[in-house]
Amino acid sequence: MRIGSRSGMESWLKISWVLCIFGFLREIRPSEPYHAEILMSDWYHVTQEEINRSVYPVGTYSYLALQIFVFLITDFLRYKPVIVANALTGILVWSTLLWTTTLTGLQVVEVFYGFYQAAEVAYYAYIYAKVDKQYYPRVTSYTRSAMFLGKLVGGLLAQLMVGMQWMVYQQLYIISITSQVLALFWSFGLPKVEKSLYFHKQSLVTKSEPAAIENGSNKPEETVAKPSPATKPGVQALQLLWSHFHSAYTNPMVLQWSLWYAMILAGFLQISTYMQVVWKSYNEPTIAWNGAVDAALTALSAIFSLLAGYFPASRLKTRTSFLTIAFVCVLEGGCILLSSWTSNIYYSYLGYVLFGGLFAFAITVASSELASSLVEDSFALVFGFNTFVALLLQCILTFVVVSENVNLDLNVFEQFTVYAFYYMVIGTVYFIIALLQCAWSCAIGPKTNKEVVN
């Protein structure tokens with residue numbers, strides 16, 4: 001028994017490290033911190049207004065449109081082909097950015113970049129199909145840490161190359177392409193997946209049952225109805241999807257944390273997309289510190305994510321958790337105001353880094369609370385759907401605040417003021433809910449005590 005256990009541990013560790021190296025290589029994109037700097041340079045024939053209103057929104061809408069499709073096709077193809085396609089798309093995106101110079105070319109690139117972002121789901125879902133459920137928390141931590149490390153290296157590398165004047169901004173694309181090529185070759189070495197969560201479910205169920213019996217577990221792994229064996233595989237997959245969806249979103253705790261997850265993720269995606277446009281609007285320093293800022297944000301995010309693991313959210317009363325949510329949201333709004341209302345770009349850098357750290361803390365707490373309330377096989381579905389809702393909210397923000405279709409005519413600093421109050425309004429709503437719950441508890445408390453005495 002010990003030999004088998006040790007063999008299983010070595011197996012999941014090996015698979016985790018292989019996948020983590022792919023995630024690390026994928027995230028080494030030193031051109032990312034200077035993306036707006038490059039697009040607004042003389043290299044491309046576009047203006048700052050066109051980047052803000054006609055280029056970036058295309059990526060947002062594409063990401064939303066492809067999210068559900070990519071999730072389903074990822075499960076159907078059993079993950080690895082989509083991971084390979086993800087690396088191929090990365091090569092295509094950054095190679096195209098080297099030779100295209102027109103607005104139309106950049107919009108086409110944004111469409112492919114939407115797929116590149118959407119296909120990230122394959123990276124996270126792959127590990128759940130390859131390892132036993134008992135290792136989920138650890139492999140989730142490893143895969144996210146690998147991406148944090150890759151992003152950190154990318155930011156530091158970008159700052160070093162630009163600060164030492166070893167490369168101009170456009171040459172950073174070469175490093176980004178190289179890392180995507182390495183990720184592509186590495187992806188071919190990923191073990192094939194014989195089962196998946198929905199479209200190839202049968203082998204997974206067959207293999208997991210003996211393990212549960214052997215461990216003497218009486219806890220049911222799923223509370224959802226299993227489709228009839230006579231049902232067609234495609235219909236079975238859809239039935240199982242709906243069962244997991246219904247089981248998850250009829251749970252009040254899942255709804256509470258899912259809503260917060262989607263709202264704060266929408267705000268973060270919007271702010272991280274347009275932050276460089278804000279910095280480009282300042283009187284720029286001699287050296288643009290975007291790479292160092294990106295590295296600092298990544299490092300602080302990793303620290304705050306670690307601290308979030310020790311935050312006892314599950315032991316807090318509902319109203320206390322609402323107050324925590326409210327407090328974090330108001331702080332995030334304040335950081336956004338700092339990053340956009342100041343006339344000093346270094347304070348703007350500071351506000352953005354602090355905002356990123358708070359977001360990492362908040363999203364980690366929300367993710368862990370969600371995971372503790374879910375049937376394990378529905379992790380990918382719930383997080384995928386929550387991301388879809390976040391992208392829908394982001395698209396609404398983009399359409400209302402940024403798009404030319406709505407004649408608000410806000411400059412980039414005014415747009416960020418809207419985003420700051422978006423977080424503050426969320427915080428205020430949660431604060432009011434907490435107060436109402438407190439008032440309700442106080443109102444029914446005496447009545448309950450009287451009933452007990454009688």
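This is a predicted model: local features need pLDDT of at least 70, side-chain atom pairs count only at pLDDT 80 or more; totals for chains, interfaces and linings use all residues.

Colleague: What is the geometry of the pair formed by the rings of tyrosine 346 and tyrosine 349?

Modeller: Planes over 60 degrees apart count as edge-to-face. Here the planes stand at 80° with the ring centres 5.9 Å apart, so the pair is edge-to-face.

Colleague: Is tyrosine 349 buried or exposed?

Modeller: Buried means under 20% relative accessible area. Tyrosine 349 has 6% and is therefore buried, whereas tyrosine 346, at 44%, is partly exposed.

Colleague: Which parts of the chain does the pair of tryptophan 279 and tyrosine 349 link?

Modeller: This edge-to-face pair has 4.9 Å centre to centre and 80° between the planes. It links distant parts of the chain, with tryptophan 279 in helix 11 and tyrosine 349 in helix 14, 70 residues apart. Tryptophan 279 is buried, as is tyrosine 349.

Colleague: Which residues does asparagine 290 touch?

Modeller: Leaving aside residues up to four places away in sequence, its contacts include Trp279, Tyr349 and Pro33. A polar atom of the asparagine 290 side chain lies 3.0 Å from the backbone oxygen of proline 33. Asparagine 290 counts as buried because its relative accessibility is 2%.

Colleague: How do the axes of helix 3 and helix 11 cross?

Modeller: They come within 11 Å and cross at roughly 180°, which means that helix 3 is roughly antiparallel to helix 11. Among the contacting residues are Tyr56 of helix 3 and Tyr274 of helix 11.

Note on methods. Residues are numbered from 1 along each chain as its sequence is written. Side-chain values use heavy atoms; hydrogens and water are left out. Axes are lines fitted to C-alpha atoms, for helices over the stretch in contact, and angles run from 0 to 180 degrees between N-to-C directions. Helices (H or I, at least four residues) and strands (E, at least two) are DSSP runs, numbered from the N terminus. Angles under 35 degrees count as roughly parallel, over 145 as roughly antiparallel, 65 to 115 as roughly perpendicular and the rest as oblique. Contact means heavy atoms within 4.5 Å. Buried means under 20% relative accessible area, exposed over 50%, partly exposed in between (1.4 Å probe, protein chains only). A polar contact is a pair of N or O atoms within 3.5 Å; within protein, one must be able to donate a hydrogen and the other to accept it, and residues adjacent in sequence count only if both atoms are side-chain atoms. Rings of Phe, Tyr and Trp (its six-membered ring) pair if their centres lie within 6.5 Å; planes under 30 degrees apart count as stacked, over 60 as edge-to-face and the rest as tilted.
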